[in-house]
Structures are given as C-alpha cells and as structure tokens.
Amino acid sequence: MTVRPTVALSLLVVVLGAFASAQSDTDDGNYRFQTRPPLPDASVMPTLANGNIGFVAYGEYVHLNGVYNGLRGKSHRARIPNYGNIQLTACSPSSPGGVADTCTYQLNMRTGKFVTVEETGDYRLVHEMYPHRYYDTVLVNRIRIQRLGSTNTITARLSQIPGLQAADFTWQPSTEFVMWGQLYKSQCGVTVQVEEPTVQAFGHNVCVTYPAIPETVQIEPDTMAREFLFFTAFTMTEEDGRRQLEVVTGLTGAQEETLHMREMDRLWERYGISVERNDELDRVIKASAFYLFSSLPAHQVATSSGRYPFYGLAPAGLGRGGIEEQEYQGHSFWDTEIWMYPSILLMDPINAAKVLSYRTTVIGGARMNAMKHGFEGIQFPWESAFTGTEVTPDCCPEVADFQHHITADIVFAARQYFYATGNTDWLKSHGCRLAADSSLFWLSRASYNNATDLYDIHNAMGPDEDHPNVSNNAFTNVMAAHNLFFGEFASCYCRDQTVNETVRRELLQVARGLTLLYDAAGDFHPQFEGYQPGTPIKQADTVLLIYPLQHPMNVSTKANNLRQYSQVTRENGPAMTWAIHTIGHLELGEVQQAATMFDKSYRQYLRAPFNVWSENGNNEPGAGNFITGAGGFLQSLINGYAGVRLHQDRLEIKNARLPPDTRSLHLPTVEYRGVLFALTVNETGIKVAIRVEGQPDLKLTVDGTERRICKDCEYEGTTAIIQQTKDQIFEGCRLRPTTLGVKVADQTDAAPALRTTALAFLSVIICSLLSKMF
C-alpha cells in the first residue's frame, strides 16, 4: 500500500471540483444504499470484489482468486490479512470511544465503492474503499478532507485493521524497500496445506505489499481540500507487488479513477437491468446484478502481474468462504452453471466463457474422480475448488455420492454457450473434450433395463436433496440425455479418436433410451421411481424440465408438474425455487400466481441496509452474499418477464410481460451470435434496439415480419426471433434433438451392439440362453 497525498488545491479549484466524490451525487439514487451507525453484522455487510480479489467491506481478510488452503473437504479460501482495511477512526466500529454520530456509510454500486463520510459544520471527510477494476491486484483507499466552516488545521485520524496472520499460511519475515522516498513492507507466505496431494504439489504463494499508514492526515488553514491515496497490492510474488505499485502510484488520481470507472461502465452497460415506476424493485435488481458481477473479472485488466486463470463462481462469491463449513468455503457447485451462468451468458458472453473455462482448467481432477468411482470419462465433483477433485466436507457425504447431475449441468451450460455464440473455435479447443469425455461418464453410468427395453440411472439424487439414492430422477435423466447428445455431436465435429463412430452410436442409443417417468393418469412426471404425490420436497427439481431444460411436453403436463410440486415444496426452501415457479407460471399465462412467486423469490432473502442476498428466507441464518439466489432472480426477469429464450437455432422473445407495479423493464444488452441489442418491455409490447449487427446468416422477424439487422435500427412489436438461416450441420455433424424414452427396439440409427454394465450384459446372455431352451 502506498500513500500519495495530492497537492493542496486552491479555493477556485475546490469550488469548481467540490471533490470527485460529488460525481456520485449525480448518479441514479437506486445505485446507492446508505445507513448510519451502527453497522450491521458482517454476514450482511456488502462484498467488494473484482474477480481477482474479494473482501467484505471493513473486513479484516482478503481472498484471492484460486487460492485455497486445506486438505480435501477442509479446503477453503485462504485468509490473507487485509492491510488495506483502513478506516476513519471516528467512524470505525473498533473505535475505542465509539462511533461518532456524524458518520454515514454508503455502498455505491455504480462506482463499486464503499464510502464512509464524517461531516460536521467544520469539515467533511470522505473515505472510499474499493478493489480496482483495471488494476485487479490493487485495493484502493481514497481519503478526502474538505474544509467547510473551520479556519483551523483539520486532522483526520486513521486506523489500519488487518486480521491476524491466519493459520492458512506459513509467513516469511517481512521485507522492506524504499520507492520514491517512501518505506514499504512486503509480507509473503505460502499456504500450509495442499488440497489434494496427488494433484497439487505445492502451496500457493501470496504477497501483500503496503506501507504503514500515518496515524493522521490533515490540511493546514490555508488549504481548502486535500486528497490522500493508499494502495495495497495482493500478488503472487514480491516483485509483482512492487511492479504493480510502481505503475499505479505513477498515475494521477484522475487517471486511476478513469481506468477503474471505464471497466465499471462496461459492466453496467451489460448488467444494468432496470424498471420504471418501482424504485424498490429497481434497487433489488441493481443489487442482484452488482453482487453477481462483482465476482467476475473485468473485460480488460492490467497485465503487469501474474495471476491464476479465473477460478469460478462460488455461492457466496469471492469475498466469502474463508472458514470451514461456512459460506460453502468458496467452492463451486451446480449453482454456477444452473443459477448464475444463464444470465451472464446472455448479457456478457465474454465472462460466460471464463466461467466455463474454470471447469476445463480443472478437468484433470474430474477425470480422477471418475476413475476413483469406477466410471469412464470425467465426473465433476459436487464441490470443486483448486484441483477439481471432490472437496465436499465430511458432514455431507450423500450429496457427493449421489448428485451426479452436476456433470451434465456443466455440459448443459457449455451447450448453451455454443447455442448463443456459435463459437466453433471454442468448441475445438475446449468444448469437444468436455462434451465427449463427460458423455463417456453417462455411458458407463446408465444401465439397461431388460423389462422396459430402456436405460435407467440408479443411485442418484436430483436437486431435491431430501431424497437421496433414487432411480430415474427426471431432472438427472433429461440432463444426462442432453449431455449424451451434445457429446455425440462434439466428438463427431472434432473427429475424436476415442469417441469414434461406434461409440457415438452407443451414445445415441443410450440417450434416446433413457427413462423419463410419466404418470398418464395424473398427467405429470414423477420425480423418481416410487415417488408418491404429496411427498414433500426441498426445492425445485422436476419443474426444472419446464425451464431451463425446456423439455417438450403438453401444456397440461407443464401445469400439472408445476401444481403437483409447488404444493409440496418447503416454504423455507432456497430463493431459486420461487424464481423457477415464477417462470413456469408466466409460461402458462398465470400472471397473478407468477407475481406472488416473484415477490416470494426476493423479498424475504434480502438483508438491510445494503440489500445483501441471504441463503435463507424469513431472517433465518444462512450464507451471506448468496449470489446463487441473485442469479435465479435475474433469470426470472430475463427469461420470465422479458420472455427471452435460447434455442439451438434461434433466440426468441415472446410472451413478454411487465413485472408487477412497473411501467417498463429494460435490458441494456442482450447478445446473441454477435448481435448486441437492448430490449425494452412496456405496456404495449417490446422494443428491440440493435447496436451491433453480429454474425451473417441470421434473420430477424418481429411479429412474423422479417426486419433488417442493422446498427441503430429499432423495432416494436410483441414477439421477436433472431433465427439462423443456415442448416445446423457442421462438417457433416448435426446436434440431434433431445428425445428420451425411446425403446431400443424402436430405434433405427443407434448402435446394434453396445457396452453395458456387467449386470445388464449378464441379463442379455441369460435371456438368450433361455430363449434357446424353450
């Protein structure tokens, strides 16, 4: 951290500038949350992050992307003392004399800053704390002193409150160096415990570079205002820390601020969903988007420091997860691909690709996991951190043992990325191996049922964690079929030598032959074999067939699925369930029921005063900054009320409706195959405003009439479709529709012979012998 006081400003400049902080006063007030002392519990304080470093405002520890400590299930985000935790002593919760009643605290989401203000009739102190969006290894503290009524020297007392040197690291003696006449310290350490010794040979190196801050900063009587900057660098090496600070301290305050705000602007240009005539809802939307994208990297960052590739999204984000068995320890679950990723994909495909890249980075661990359990290909663990091996804590063995759908969930996200971008370069470099090897897992996971002439998946658990070790969970089987079909296509396109033509025929046979339970009398899909109507469930499971899986079924079946399971879902279930129910009701045209579920999906999960998402509703304790819930909520807006749906050959906008008590819903950026457009839903329909034309071989129809895809063109109507005009055949390979429940005997182009489990193979032999005997 380096301190750089600006030169004293003249009265004229101060009057004209009135500090850069005044800029925030012109922002939309819905970007800001403000409170007075006392500050709330740390569990509901806002998280500040930039995709590389993350921390809780006023928190004593920082987490660094990809840096974990602990063996297997004890792996958690390593806690790095936050030497950038600088506070105005008068406003610090740790102040010996108590917090002054002249203090206020504000989260400014537009700028990504936590702002503390102490104001009297004599002076105004403004303290901004934020992780820099361009220099993403740097935490910035900016303190401004402004003279108001006093004619005396004005002094601000500062406190620096890092956490203790946690047991996560073996710390080396600190070193000192001088740069530009300033003494700096660098504290370096190595994490104590690797996550999986067979994969990770060494711990993580981390260095924090900083100077000790002065106890006070002040302005003299002849100075109207002054600004002080403190930078803290969190890097892998001491050299990186020095180099980063040398660069950032060489900037003016205005230059540093401009680079930060450039990246913040780019994010809000994509994530800045808004509604009119409902400020409360608008603030919920902005908070949900902010907390979600805070854990994502900027599109452009300084490259002067080494860093890990992006290491995924955890349910509580980058700023939390440093304590065992709390806030999911910073692990990645299915939450990433099913709840957070879909909104990112349609607004920000650049970061969607980075989210997917985490899984391909740790694919070696998934391969080990499959081998350990006797399966082929790759099996992603239920909880993943640095190595991609299983890191579920010992408390919860059933989720690791049975929730195998996560492998298909990840490949479903990859499939959606291909739908949205058509990126064949990515398919060749990342997607093919992911899709092909995961399809081998499901090929070895499914077993042939001689009685039904179909394939079953036993020993499974769907999203409903109240029912482990079941057979033919509807969600799992449909997801597995998606995985198998995509694996067959990808291995064909990339001419895979392992998943060759013979194996691809087997993939098709198993995919089509997977069992999808259906109760004809009740016209609904039982959640698993033996499920009895009325049995309580934890959360959305089979209703996910409506969305996001968009599995073809009669309208009456959709309605019965939704009705059947909504009546038995736990009232204290996770927020995402109610978001999915919202989308389901909207698809069925049940607007009032949708509004009820929509309100239920967010109101009980937000915590004042900073609209922080909590895992549990009704003020029950749970993980803080629960961006899983935020992601589900955003889907209810994008894919529910805005009516945006992604398909293999098109993007559709239909059945768009206004959220409750609003006049308009605005999505500033939707991106499909390079076409960038803004979408506005109003009382009469929709408006599509195109900013970038995108790829060729696309056509746009609005209310059934073809329209030009052209920059600055705007169209109004009730439905819009961007359709691919080319036949979806890639070098002779076609991605086939996901169809289940086709008996092997009724299939015409699948494998004449296939690998089966030992039990299934034995059944075939026995049946053959019996037929010859009688």
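Modeller: The model is predicted. The sheet is open and has five strands in the order 26-27-34-31-32, with antiparallel pairing. Strand 26 (644-646) and strand 32 (705-707) are at its edges; each has a single partner strand, so one side of each lacks a neighbour in the sheet. On average, neighbouring strands of this sheet are turned by 25 degrees against each other, direction ignored. V702 stands opposite T705 in strand 32. In general, strands of a sheet pair through backbone hydrogen bonds, either parallel or antiparallel.

The cut-off for buried is under 20% relative accessible area, and V681 counts as buried because its relative accessibility is 1%. Leaving aside neighbours within four places in sequence, V681 is in contact with A642, A656, R657, L658, R663, S664, L665 and I686. The C-alpha atom of V681 is separated by 45 Å from that of I145, a residue 536 places away along the chain.

The second residue is S159, in strand 14 (residues 154-160). With a relative accessible area of 18%, S159 is buried. Its side chain is joined to that of T89 by a polar contact of 2.7 Å. Not counting residues up to four places away in sequence, S159 touches N85, I86, Q87, T89 and I213.

Key: Residues numbered from 1 in each chain as written. Predicted model: local features only at pLDDT ≥ 70, side-chain atom pairs only at ≥ 80, totals over all residues. Heavy atoms only, no water. Pairing = 2+ DSSP bridges. Helix = DSSP H or I, 4+ residues; strand = E, 2+ residues; numbered from the N terminus. Axes fitted to C-alpha atoms, helices over the stretch in contact; angles between N-to-C directions. Buried < 20%, exposed > 50% of the residue type's maximum accessible area, 1.4 Å probe, protein only. Contact = heavy atoms within 4.5 Å. Polar contact = N/O pair within 3.5 Å; in protein donor to acceptor, adjacent residues only side chain to side chain.
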